[in-house]
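Visitor: Please show me the model, and let us go through it question by question.

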Amino acid sequence: MKVALYCRVSTEEQAKYGLSIQAQLNELREYAKKEKYTIVGEYLDEGISGGRIDRPALNKLLEDVKQD
């Protein structure tokens, strides 16, 4: 199965004391490896609120899905 990884943190504070982008990527990569998924892309939104609809990496991910 092909998968894309999407990670986001909204603030530097969250990144510093919460789950950083790198920590999220590490966990997702490990999970994909365990499940034998093929990672076809990684999309990162740093400093972007989850409440925002317009997130650059998320928008790119959705466009890439449409393109197959």
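This is a predicted model: local features need pLDDT of at least 70, side-chain atom pairs count only at pLDDT 80 or more; totals for chains, interfaces and linings use all residues.

Guide: Residues are numbered from 1 along each chain as its sequence is written, and side-chain values use heavy atoms, with hydrogens and water left out.

Visitor: In what order do the elements of the protein chain run from the N terminus on?

Guide: Helices (H or I, at least four residues) and strands (E, at least two) are DSSP runs, numbered from the N terminus. The protein chain has three helices and two strands, and from the N terminus on their order is β-α-α-β-α.

Visitor: Is Arg29 buried, partly exposed or exposed?

Guide: Arg29 is found in helix H2, residues 21-35, and, leaving out residues up to four places away in sequence, touches Leu5, Gln22, Ile39 and Glu42, where contact means heavy atoms within 4.5 Å. Buried means under 20% relative accessible area and exposed over 50%, with partly exposed in between, for a 1.4 Å probe and protein chains only. Because its relative accessible area is 31%, Arg29 is partly exposed.

Visitor: Which side chain of opposite charge is nearest to Arg55?

Guide: Arg55 lies in the loop between strand E2 (38-46) and helix H3 (56-67), and its contacts, apart from neighbours within four places in sequence, are Tyr6, Arg8, Asp45, Ile48, Ser49 and Gly50. Lys and Arg count as positive and Asp and Glu as negative, with His and the chain ends not counted; a salt bridge is a side-chain nitrogen of Lys or Arg within 4 Å of a carboxyl oxygen of Asp or Glu. Arg55 is buried yet has no salt bridge, and the nearest side chain of opposite charge, 5.4 Å away, is that of Asp45.

Visitor: How many residues of the lining of the largest pocket are nonpolar, polar and charged?

Guide: A pocket is an open set of points on a 1 Å grid over the protein atoms alone, where a 1.4 Å probe fits, with protein on both sides within 12 Å along at least five of seven lines, and lining residues have an atom within 4 Å of a point. The largest pocket is lined by Lys2, Val3, Ala4, Val40, Tyr43, Leu61, Asp64, Val65 and Asp68, with strand E1 (2-9), E2 and H3 each supplying at least two residues. Ala, Val, Leu, Ile, Met, Phe, Trp, Tyr, Cys and Pro count as nonpolar, Asp, Glu, Lys and Arg as charged, and the others, Gly among them, as polar. The lining therefore divides into six nonpolar, no polar and three charged residues.
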